[in-house]
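Thanks for sending this one over. Here are my notes, in the order I would read them with the model open beside me.

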Amino acid sequence: MPDSPDRRAFGPFVADLSKELLWREEELVRVPRRTFQVLALLVRHAGAVLEKREIFDAVWGTTVVEENTLARHIATLRRILDDGPDHKYIATVPGWGYRFVAEVVDAGATTPLVEG
């Protein structure tokens, strides 16, 4: 796994946020581009609740997308991360948005960036 200044680790995963790459225990995981952008946003703001509108604006900008588009990307992320009903990575905040709840650390550091 190449070095990058923008790598974050959580559970068995390492995400290179700037290169849009995700590894699970040294194995590269295929993640669709927009889905990775949603993941990167959540990971960068781990612990904070992101409103759906914030996510739409950050990932899709001025492109008009249907409301259920975000829910589909979150479902895809949960499948990729094996995030079961306990939601150890992505929590839904009903009527509001989503929150990345796992502990996230700088991939080169030993201390958490955010306590989840």
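1. Ground rules. This is a predicted model, in which local features need pLDDT of at least 70, side-chain atom pairs count only at pLDDT 80 or more, and totals for chains, interfaces and linings use all residues. Residues are numbered from 1 along each chain as its sequence is written, and side-chain values use heavy atoms, with hydrogens and water left out.

2. Overall make-up. The protein has three helices and nine strands, and along the sequence they follow the pattern β-β-β-β-α-β-α-α-β-β-β-β. Helices here are DSSP runs of H or I with at least four residues, strands are E runs of at least two, and both are numbered from the N terminus. Of the 116 residues, 42% count as buried; buried means under 20% relative accessible area, exposed over 50%, and partly exposed in between, with a 1.4 Å probe and protein chains only. The accessible surface comes to about 6500 Å², and 50% of it belongs to carbon and sulfur atoms; these areas come from the Shrake-Rupley method with a 1.4 Å probe, and for residues only the protein chains shown count as cover. Among contacts with a separation of 6 or more, 44% come from residues 24 or more positions apart, where contact means heavy atoms within 4.5 Å.

3. The three-stranded sheet. An open sheet has the order β5-β7-β6, with antiparallel pairing; two strands pair if DSSP finds at least two bridges between them. Its edge strands are β5 (49-51) and β6, each pairing on one side only. Neighbouring strands are turned by 30 degrees against each other on average, direction ignored; axes are lines fitted to C-alpha atoms, for helices over the stretch in contact, and angles run from 0 to 180 degrees between N-to-C directions.

4. Strand partners. β5 and β7 (residues 97-100) pair over three bridges, and Val49 has Arg99 in β7 as its bridge partner. β6 and β7 pair over four bridges, with Thr92 partnered by Tyr98 in β7. β6 and β7 also form a hairpin with three residues between them, and Gly95 in the turn has a positive phi of about 75 degrees.

5. Helices on the sheet. Helix α1 (residues 33-44) packs on the sheet and touches β5, β6 and β7, its direction making about 65 degrees with that of β7. Helix α2 lies across β5 and β7, at about 70 degrees to β5.

6. The core. Which residues touch the most other members of the largest nonpolar core? They are Phe10, Leu22 and Phe100, in a core of 30 residues. A nonpolar core is a set of buried Ala, Val, Leu, Ile, Met, Phe, Trp, Tyr and Cys residues joined through side-chain atoms within 4.5 Å. β2, α1, α2, α3 and β7 each supply at least two residues, and α1 gives the most, with seven. Leaving aside neighbours within four places in sequence, the contacts of Phe10 include Leu22, Leu39, Val43, Tyr89 and Phe100.

7. Aromatic pairs. The whole structure holds six aromatic pairs. Rings of Phe, Tyr and Trp (its six-membered ring) pair if their centres lie within 6.5 Å; planes under 30 degrees apart count as stacked, over 60 as edge-to-face and the rest as tilted. Phe13 and Tyr89 are edge-to-face, at 5.8 Å centre to centre and 85 degrees between the planes. This pair links distant parts of the chain, since Phe13 is in strand β2 (residues 13-16) and Tyr89 in the loop between α3 (68-80) and β6 (90-93), 76 residues apart. Both Phe13 and Tyr89 are buried, and ring pairs link Phe10, Phe13, Tyr89 and Phe100 into a cluster.

8. Phe56 and Trp60 form a tilted pair, 5.5 Å centre to centre with 50 degrees between the planes. Both lie in helix α2 (residues 52-60), four residues apart, about one turn of the helix, and both Phe56 and Trp60 are buried.

9. Two backbone details to look at. Most residues other than glycine have a negative phi. Glu20, in the loop between β2 and β3 (21-24), has a positive phi of about 55 degrees. His87, in the loop between α3 and β6, has a positive phi of about 50 degrees. Glu20 counts as partly exposed because its relative accessibility is 26%, and His87 counts as partly exposed because its relative accessibility is 29%.
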